Amino acid sequence: MSAATITRWTRAFVGAGVCWFVCWQFAVVAGFDRSVTVVLGLWGFVFHVIFGKGYSLIPSYFDSSLAFPQAPAVQLPLTATGTAVLALEGAGGISGLPLLAIGSLLWFAGCLVFVGAIGWTVRGNLLGKRTGTGGVNAERASVDRFANLFVPVVVGYLLVGSLLPLARRFDGLLPVQAPSGPATTHVLALGAATLLFFAIGFRVIPRFLVVSPRRTLVWLVLPAGGLGPLLLVTDFLGSTTFRLGALMQTAAVTGFALAYADMFHRSDRRRIGLYGVYAGTLFGVLAVAVGLTFALEGHTLPGNPFDAHYRLALTGFLGLSIIGVTYQFYPPAIASTPGLDDRTASLSMGLIAVGLLLEASGLLGRSISLEHAGSVLVLVGALLYALIVFAVFYEHR
């Protein structure tokens with residue numbers, strides 16, 4: 001019963017994330033600014049999918065079973081409502097209501113449920129020495145143990161990033177000023193979401209491809225991805241520390257892209273979702289390349305590089321990677337709905353990738369028409385993605 005409960009609520013989280021993804025792309029097409037779209041994309045889409053798969057994957061990777069199968073049912077209303085309230089606050093809010101405080105409290109409470117349930121589950125194996133790795137995967141045990149070491153780091157970033165919006169309400173009472181909104185976004189996007197993607201990715205992707213990663217790249221990516229966000233936020237858009245953090249994050253994302261490309265081309269597996277992850281890692285390289293210009297004096301891009309950077313990172317790197325992994329766990333080929341299959345999944349990812357390239361080009365080239373055309377293509381791709389995922393869920397209802 002507990003396994004069925006976890007499976008059911010994992011799908012509920014993934015389904016919620018997919019809905020947020022569609023809402024996010026509608027908001028982009030409608031012209032909402034980053035205060036709304038980043039919340040819908042990061043808090044809504046990325047983290048709800050991460051939370052859902054985290055409940056099913058992290059305990060098994062620590063050789064355990066989730067101690068509280070009902071935890072996802074408690075968390076989902078908190079984080080989903082918190083996301084909606086934070087997005088409403090970003091859109092202008094409601095006069096007289098402290099929506100930032102309400103939304104942040106709900107979100108933080110949901111994160112505490114997640115961290116508490118996972119933490120209690122793995123309490124006897126916090127550093128992940130027991131990995132559950134054996135049999136044909138025994139040779140990957142050292143990589144799995146190393147990847148597990150960074151899950152507690154992810155938890156730290158998640159809790160700190162979730163607390164920062166609340167801390168800003170007490171700037172006058174705190175000994176130091178809490179980082180700004182963009183810094184908070186980077187704590188969550190890089191320190192929590194991206195680092196967890198690296199840690200879980202080095203465990204699950206080799207199983208998808210039936211190929212082991214190059215250990216040198218694993219030893220590079222995880223420490224750089226763990227320390228980079230801290231350096232970035234400590235001196236956000238500053239000088240030496242920020243530049244070092246940007247370089248480390250660039251090394252982490254580029255190293256992961258190289259590791260994935262190497263595994264992909266050594267593998268004979270060619271399932272549709274694997275192409276989505278490949279595209280995501282390439283967009284990650286573009287995102288950090290744009291981001292690196294913010295840290296290098298005299299190297300500025302034209303147009304609106306900040307929005308281009310966020311779109312490449314959230315929609316491209318994290319978004320397409322998550323879509324690819326989703327198609328791996330929930331294969332489109334099993335859907336019996338006419339017209340929804342692997343080719344439709346390819347079309348959805350292709351529309352998102354091409355649309356994102358047009359959108360980024362429009363943002364950098366100051367072409368509103370090109371940017372809008374790109375965002376419409378991404379929206380159509382998002383709608384196709386949602387149709388496929390929910391069709392697959394219906395098959396397994």
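Predicted model: local features only at pLDDT ≥ 70, side-chain atom pairs only at ≥ 80, totals over all residues.

User: Is Cys-19 called buried, exposed or partly exposed, and why?

Analyst: Buried means under 20% relative accessible area and exposed means over 50%, with partly exposed in between. Cys-19 has a relative accessibility of 39%, and therefore counts as partly exposed. Cys-23, at 38%, is likewise classed as partly exposed.

User: What makes Thr-315 buried or exposed?

Analyst: Thr-315 has a relative accessible area of 0%, so this residue is buried. Thr-315 belongs to helix α11, which spans residues 305–329. Neighbours within four places in sequence aside, Thr-315 is in contact with Trp-24, Gln-25, Tyr-310, Leu-320, Ile-352, Leu-356 and Val-378.

User: Which term applies to Tyr-61, and why?

Analyst: Tyr-61 has a relative accessible area of 13%, and the limit for buried is under 20%, so Tyr-61 is buried. Tyr-61 lies in helix α2. Not counting residues up to four places away in sequence, Tyr-61 touches Arg-130, Thr-131, Asn-148, Ile-200, Arg-203 and Val-204.

User: Why is Pro-77 called partly exposed?

Analyst: Pro-77 has a relative accessible area of 45%, which is between the limits of 20% and 50%, and so the term is partly exposed. Pro-77 is part of helix α3. From Pro-77 to Leu-106 the C-alpha distance is 8.8 Å, and the two are 29 residues apart in sequence.

User: What can be said of Val-380 in these terms, and why?

Analyst: Val-380 has a relative accessible area of 37%, so Val-380 is partly exposed. Its place is in helix α13, residues 368–395. Val-380 and Thr-121 are 259 residues apart in sequence, and 40 Å separates them in space, C-alpha to C-alpha.

User: Why are α5 and α8 called roughly parallel?

Analyst: Two packed helices are described by the angle between their axes and the distance between the axes. The axes of α5 (residues 141–148) and α8 (residues 215–234) come within 11 Å and cross at roughly 5 degrees. Angles under 35 degrees count as roughly parallel, so α5 is roughly parallel to α8.

User: Which residues make this contact, and of what kinds are they?

Analyst: On α5 they are Ser-142, Val-143, Phe-146 and Ala-147, and on α8 they are Arg-215, Val-218, Trp-219, Leu-222 and Pro-223. By kind, the residues of this contact divide into seven nonpolar, one polar and one charged.

User: What makes a group of residues a nonpolar core?

Analyst: The residues must be buried, of the nonpolar kinds Ala, Val, Leu, Ile, Met, Phe, Trp, Tyr and Cys, and joined through side-chain atoms within 4.5 Å. The largest such core has 118 residues, and Phe-45 and Phe-198 have the most contacts inside it. Helix α7 (residues 181–209) gives the most to this core, with 17 residues. A second, separate core has six residues, among them Leu-190, Phe-242, Ala-246 and Ala-295.

User: Which residues does Phe-45 contact?

Analyst: Apart from neighbours within four places in sequence, Phe-45 is in contact with residues including Gly-17, Trp-20, Trp-24, Leu-40, Ile-322 and Tyr-385.

User: Which phi value does Asp-63 have, and where does this residue lie?

Analyst: Asp-63 has a positive phi of about 55 degrees although it is not a glycine. Asp-63 is in the loop between α2 (34–61) and α3 (71–90). At 44% relative accessibility, Asp-63 counts as partly exposed. Val-210 also has a positive phi, near 55 degrees, and is a residue other than glycine. Val-210 is found in the loop between α7 and α8, and its relative accessibility of 48% makes Val-210 partly exposed.

Methods
Residues numbered from 1 in each chain as written. Heavy atoms only, no water. Buried < 20%, exposed > 50% of the residue type's maximum accessible area, 1.4 Å probe, protein only. Axes fitted to C-alpha atoms, helices over the stretch in contact; angles between N-to-C directions. Helix = DSSP H or I, 4+ residues; strand = E, 2+ residues; numbered from the N terminus. Parallel < 35°, antiparallel > 145°, perpendicular 65-115°, else oblique. Contact = heavy atoms within 4.5 Å. Nonpolar A, V, L, I, M, F, W, Y, C, P; charged D, E, K, R; others polar.
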